[in-house]
Amino acid sequence: MASHIVGYPRMGPKRELKFALESFWDKKSSAEDLQKVAADLRSSIWKQMADAGIKYIPSNTFSYYDQVLDTTAMLGAVPPRYGWSGDEIGFDTYFSMARGNASVPAMEMTKWFDTNYHYIVPELGPSVKFSYASHKAVTEYKEAKALGVDTVPVLVGPVSYLLLSKPAKGVEKSFSLLSLLGSILPIYKEVVSELKAAGASWIQFDEPTLVMDLDSHQLQAFTHAYSELESSLSGLNVVIETYFADVPAGAFKTLTTLKGVTGFGFDLVRGSKTLDLIKGKFPSGKYLFAGVVDGRNIWANDLTASLGTLQALETIVGKDKLVVSTSCSLLHTAVDLVNETKLDSEIKSWLAFAAQKVLEVNALAKALAGHKDEAFFSANAAAQASRKSSPRVTNEAVQKAAAALKGSDHRRTTNVTARLDAQQKKLNLPILPTTTIGSFPQTVELRRVRREYKANKISEEDYVKAIKEEISKVVKLQEELDIDVLVHGEPERNDMVEYFGEQLSGFAFTVNGWVQSYGSRCVKPPIIYGDVSRPKAMTVFWSSMAQSMTARPMKGMLTGPVTILNWSFVRNDQPRFETCYQIAMAIKDEVEDLEKAGINVIQIDEAALREGLPLRKSEQAFYLDWAVHSFRITNCGVQDTTQIHTHMCYSHFNDIIHSIIDMDADVITIENSRSDEKLLSVFREGVKYGAGIGPGVYDIHSPRIPSAEEIADRINKMLAVLETNILWVNPDCGLKTRKYTEVKPALQNMVAAAKLLRTQLASAK
């Protein structure tokens with residue numbers, strides 16, 4: 001019985017690739033140094049899978065930045081602004097596309113389906129001259145072979161590549177990207193023939209777009225592409241891999257009738273309905289790669305349940321045609337549980353990171369073949385039972401309170417216009433009020449103080465003193481700049497989710513549970529293992545201290561329940577919305593305590609609201625309904641005079657604007673400047689918005705300092721579509737990653753622009 005892994009994390013168990021990349025980018029090490037770290041990582045991953053007994057081991061799932069960018073390099077689809085000479089693509093061109101360089105900006109980055117990973121979006125058009133410009137797939141296959149490991153080279157499939165692209169600047173928005181299929185297939189044929197010549201016997205095409213809502217024209221592209229590749233693929237076994245959701249019936253039919261394809265991979269964790277399609281009609285003589293081990297979470301597999309699923313599938317496809325696999329690439333989970341020396345042993349027994357998932361896949365394959373590892377299975381069963389019965393998982397009071405939420409939609413009693421009037425009487429703000437999003441620069445010194453306090457190297461008294469000084473500095477600076485609504489700068493916070501998770505019950509934290517977000521950037525999601533509650537106030541101490549330093553309004557700063565949920569590894573033993581409602585109740589307690597402490601403006605960030613949006617239209621309304629409801633729960637109990645803000649970043653909002661309005665916040669600040677002001681087009685199209693709104697007036701992700709004129713010009717564009725009395729002036733996002741030398745002049749110019757426009761508006765009256 002065979003086993004297969006769809007893909008594996010690249011960063012290394014201790015983020016070795018991250019540090020090697022950043023050292024190379026900072027010119028502290030050579031290209032050879034970087035290549036050596038990468039080669040060592042690849043060989044250890046292949047060896048690890050071979051030693052575990054995996055039959056179909058992937059190659060070419062390693063990447064220096066992103067697998068879609070690797071495909072762009074393979075196809076020579078380099079946008080002209082990078083001045084590429086046309087030869088084999090090296091680090092210079094590759095990293096310029098990924099990160100930009102001194103003279104030209106990077107390519108756009110966007111979310112990979114509904115994960116927290118981001119890919120580099122190809123920019124295509126009718127004039128792109130494709131050429132075979134990166135031989136990475138073949139080189140890595142040969143590299144593994146030289147180490148004695150025969151791998152399955154993985155390529156992003158041609159149709160998904162085009163469907164995930166965008167028309168380049170200057171190309172008609174209506175340009176059909178699929179019309180380029182005929183131009184890229186010759187390069188895929190070259191790659192395939194080189195792999196065949198190098199000795200590959202299997203090849204994997206990832207075509208995850210098959211789980212999306214596709215029309216007949218898009219589905220036909222798959223049929224056309226694989227018919228066209230059929231003769232090149234002859235003599236090779238080909239598996240087409242899908243993941244992240246069910247494959248719709250129409251796409252299932254298209255997929256399973258493709259020419260020249262030997263096997264099909266399905267996500268049977270998030271795609272349980274696909275099981276019915278397989279049971280209904282699976283083509284005889286084809287391989288089924290059954291993704292039963294979850295590639296997107298950190299929970300140990302229920303091996304007994306998976307074995308049952310696999311045995312049922314075996315009767316349909318036959319013993320020799322069933323391959324045990326992961327639901328998707330293991331890129332989306334943490335690397336190795338072995339490195340978690342501080343995790344509580346009971347919780348640790350419930351978990352499996354990528355390295356452990358490889359062992360689970362192999363154990364299931366062996367059990368199917370009649371060689372069941374009884375000790376492995378019984379340890380797994382014991383861990384499953386302990387998780388089900390552990391008193392740490394269930395909190396009766398929380399369960400009861402959550403059940404009681406069901407009857408109400410938790411709206412504030414007064415409408416937003418009346419609330420804004422009441423708030424204005426209390427806050428007395430000018431028109432076009434200025435504010436920032438929350439965080440201020442985190443200096444090396446500040447990070448040192450937090451680190452030393454965590455390691456018990458400085459007393460609590462010294463820590464509080466240092467943080468108080470930092471808050472005081474930030475408050476003074478904002479007063480000098482004449483900002484209207486202040487923030488305390490969040491010097492006490494490491495991360496906007498971890499900071500709250502550490503103070504809520506039901507959360508656990510790892511030391512090395514890093515997951516790649518994009519490029520060298522990794523995140524370390526908390527683990528939600530049990531019912532969530534708030535033992536005591538989390539932010540009131542710091543917010544009250546900050547408010548006592550100024551007569552201006554000081555915002556209380558909280559992370560919203562949906563963002564905490566979407567940026568964590570979430571328990572899989574109850575529906576996600578139930579966990580979200582529990583977090584919402586904990587945040588509600590905090591909101592009400594802040595109000596009692598005299599904080600009149602409270603911001604509840606929902607940066608990741610859109611990230612949880614299901615891939616298929618038919619499932620989106622249900623998600624948006626409970627996500628928006630969770631936000632309303634947090635602040636439904638406050639007085640009309642308490643102003644509730646929320647903040648969102650990096651998203652396409654146009655399709656969910658009605659849900660955003662339904663959140664019923666008093667003021668929303670939104671990422672705008674990097675999205676080419678796509679956001680404003682919503683309001684141009686006549687969406688009526690009555691609450692306060694602050695579309696970001698400058699991009700904080702860039703070190704560039706915008707002039708007051710440029711910011712004023714931006715605000716004027718906003719005033720063309722939004723009422724003067726609801727518009728706020730603020731940066732795009734928090735300022736944590738910037739330097740004070742950038743922040744001070746940028747905020748100075750922002751305030752100057754607001755004042756200039758106030759004067760102009762007053763004289764126009």
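Helices, taken as DSSP runs of H or I with at least four residues, and strands, taken as runs of E with at least two, are numbered here from the N terminus. With that convention, Phe 244 lies in the loop between strand E9 (237-241) and helix H9 (249-256). I shall return to this residue after the overall picture.

The model is a predicted one: local features need pLDDT of at least 70, side-chain atom pairs count only at pLDDT 80 or more, and totals for chains, interfaces and linings use all residues. Residues are numbered from 1 along each chain as its sequence is written, and side-chain values use heavy atoms, with hydrogens and water left out.

To begin with the whole chain: it has 27 helices and 22 strands. Its radius of gyration, taken over C-alpha atoms, is 27 Å, close to the 27 Å that the globule rule (2.2 Å times the number of residues to the power 0.38) gives for 765 residues, so the chain is as compact as a globular protein of that length. The C-alpha atoms fill a box of roughly 75 × 60 × 50 Å along the principal axes. Of the 765 residues, 60% count as buried, where buried means under 20% relative accessible area, exposed over 50%, and partly exposed in between, with a 1.4 Å probe and protein chains only.

Next, the interior. A nonpolar core is a set of buried Ala, Val, Leu, Ile, Met, Phe, Trp, Tyr and Cys residues joined through side-chain atoms within 4.5 Å. The largest has 103 residues, and Tyr 161, Phe 205, Tyr 226 and Phe 266 have the most contacts inside it. A second, separate core of 102 residues includes Ala 402, Ile 483, Val 562 and Ala 754.

Which elements do the buried residues of H5 pack against? They meet helix H2 (31-52), strand E2 (57-59), helix H3 (67-74), strand E6 (151-156) and helix H7 (181-198), a contact being heavy atoms within 4.5 Å. H5 itself spans residues 136-146, and its buried residues include Lys 136, Val 138 and Tyr 141. Gly 148, which follows H5, has a positive phi near 85 degrees.

Asp 482 has a phi of about 65 degrees and is found in the loop between helix H18 (460-481) and helix H19 (498-501). At 27% relative accessibility, Asp 482 counts as partly exposed.
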